[in-house]
Amino acid sequence: MTYFFILGKNPILSKAEIEAILEFLDYRFQIIDFSSNVLIVEIKNSLDIEKLNQRLGGTIKIGKILAKIDSLEVFEDKFFKLIKFGKGKIHFGFSLYGLADKINLQKYLRKLKPVAMEIKRRLREEKNLNSRWVVSKEPALSSVIVKKNQLLKYGSEICFFIKDKPSFIKASEGMEILVGQTLAVQQFEEFGARDYNRPGRDQVSGMLPPKLARIMVNLAQTKQDAKILDPFCGSGTILQEAIVLGYRNLIGSDNSDRAIEDTKKNLDWISKKFEAASSDPLTKLRVTASAVKVFKLDVKDLSSQFEPNSIEAIITEPLLGPPLSGKESQEKIKQIVKDLEKLYLSAFSEFIKVLCKGGKIVIVFPVFKFKNFTEKLNILPQIEKMGFKKENQAELIYSREKQHVWRQIFIFKK
Ligand SMILES: C[S@@+](CC[C@H](N)C(=O)[O-])C[C@H]1O[C@@H](n2cnc3c(N)ncnc32)[C@H](O)[C@@H]1O
């Protein structure tokens, strides 16, 4: 079976998360295509799409590839063959994605109008069904549009994946379009609520976006009962996402009183919210019984509090430096980097003691991105010398436009 994943704003990171989770859940898979924000994967066994959608932080839509066509004009017949109709009004929409750089999707967008009109006509005349074609200005419908218009409930979103270049199979025809149907869209409201509605928020120290915290937990590939530590827990975003994923053996520490207070408030809030939302008595029981330990501790003293080799995963975003205005000189940033290198190295020298053999670290390093220079921590050789192996091959960056501090995610194994 072939599936597609529409990836979030940092596609390399989203791809790494999908690979980590498919591997962790024992799926046998092969990547067929990866272009800009689309990942196409062939999977031997059938995929539990709903479960996967609830788990991933960096994926916007998941669906199945249904067919291959040579031109959009021939799609309308396929539509009637591929889509099952219920009773009542049908809501349908199309999204276009390019599987190569520089594809002019607008050109294809124009071709979709007559196709949609013909589908509407046939639905009315042949099946006696009213329908609504949902459109947007962009070539692809956003997950918000798909959800708000209830496309998955009352009809379908059809995604077209366009390759302009001749493919191996149909070189003579020079064009190949994969047709897919969206089966799940990201629960963006839930991520938003966990970001903005939680009681403990600290804008000054900075908070991870919950989607990134979720990606980091997934990258660690840890079993449900594993002991997971966030030693720079801040307001507890990583612990919060781990709770939602069902992890129960969690510990958070931080050297600031404010952070400990925020984390406790947020974890209490998320546990209650989760408990209230769940109709499953077992889930309620597990949440109530969960004991997340949170306490004040400087990272330099970790080994005084934890048994050697007792932690199975450390997932964390340490200090990323002071708030910046963007006007700092390179010299100033170099000094910040030096100070952070010291803190990170002292943290790693504690991590090696408390982490068990084979244990994972998923950690954020800051990258200072200024107009005329980029500065990064340069401590990988020392970390590897301590006995850690860097696991990720690709450079995993989480960035937002105009931010001076980008986050680079590393995965290490002891
Ligand atoms: C960027 S914040 C972490 C934010 C967190 N990921 C969140 O989403 O809320 C870094 C945290 O590291 C803590 N910190 C700084 N130096 C520390 C140290 N030496 N030991 C322990 N925690 C420290 C700060 O108090 C701060 O809460």
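## A walk through a predicted model

Helix H1 runs over residues 11-24; its 14 residues reach 20 Å from the first C-alpha to the last, close to the 20 Å expected at 1.5 Å a residue. Keep in mind as you explore that this is a predicted model. Within H1, the buried residues are Leu13, Ser14, Lys15, Ala16, Glu17, Ile18, Ala20, Ile21 and Leu22. After the helix comes aspartate 26, which has a positive phi near 65 degrees.

Let us look at that backbone angle in other places too. Most residues other than glycine have a negative phi. Serine 36 has a positive value, with phi near 40 degrees, in a residue other than glycine. You can find serine 36 in the loop between strand E2 (29-35) and strand E3 (38-43). Serine 36 counts as partly exposed because its relative accessibility is 46%, between the limits of 20% and 50%.

Now turn to helix H4, at residues 105-127. H4 has 23 residues and spans 31 Å from its first C-alpha to its last, close to the 33 Å expected at 1.5 Å a residue. At its start, a side-chain oxygen of asparagine 104 comes to within 3.2 Å of the backbone nitrogen of glutamine 106. Which residues of H4 are buried? They are Leu105, Tyr108, Leu112, Val115, Ala116, Ile119, Arg122 and Leu123. The buried residues of H4 pack against H3, strand E5 (90-98), E6 and strand E7 (155-163).

Just after H4, asparagine 128 takes a positive phi of about 60 degrees. Asparagine 128 belongs to the loop that leads from H4 to strand E6 (131-134). Is asparagine 128 buried or exposed? Its relative accessibility is 70%, which is over 50%, so asparagine 128 counts as exposed.

Leucine 72 sits in the loop between strand E4 (59-69) and helix H3 (75-82). Leucine 72 counts as buried because its relative accessible area is 2%, under the 20% limit. Not counting residues up to four places away in sequence, leucine 72 touches Leu96, Tyr108, Lys111, Leu112, Val115, Phe160 and Ile177. Tyr108, Leu112 and Val115 are also among the buried residues of H4. For a sense of scale, the C-alpha atoms of leucine 72 and aspartate 262, which are 190 residues apart along the chain, are separated by 53 Å.

Threonine 222 lies in the loop between helix H8 (210-219) and strand E9 (228-230). With a relative accessible area of 7%, under 20%, threonine 222 is therefore buried. Leaving out residues up to four places away in sequence, threonine 222 touches Phe24, Ile228, Tyr247 and Ala313.

Finally, let us visit the ligand. How many residues surround the ligand? There are 22, and the closest are Leu208, Ser235, Thr237, Asp254 and Glu317. By class, this shell has 11 nonpolar, 8 polar and 3 charged residues. The table shows some polar side-chain atoms and the ligand atoms they lie beside.

| Residue | Ligand atom | Distance |
|---|---|---|
| Threonine 237 | oxygen | 2.6 Å |
| Aspartate 298 | nitrogen | 3.3 Å |
| Glutamate 317 | nitrogen | 2.8 Å |

The protein covers 94% of the 600 Å² of accessible area that the ligand has on its own.

Conventions:
Residues numbered from 1 in each chain as written. Predicted model: local features only at pLDDT ≥ 70, side-chain atom pairs only at ≥ 80, totals over all residues. Heavy atoms only, no water. Helix = DSSP H or I, 4+ residues; strand = E, 2+ residues; numbered from the N terminus. Buried < 20%, exposed > 50% of the residue type's maximum accessible area, 1.4 Å probe, protein only. Contact = heavy atoms within 4.5 Å. Expected span 1.5 Å × (residues − 1). Near = heavy atom within 4 Å. Polar contact = N/O pair within 3.5 Å; in protein donor to acceptor, adjacent residues only side chain to side chain. Areas by Shrake-Rupley, 256 points an atom, 1.4 Å probe, with all protein chains shown as cover. Nonpolar A, V, L, I, M, F, W, Y, C, P; charged D, E, K, R; others polar.
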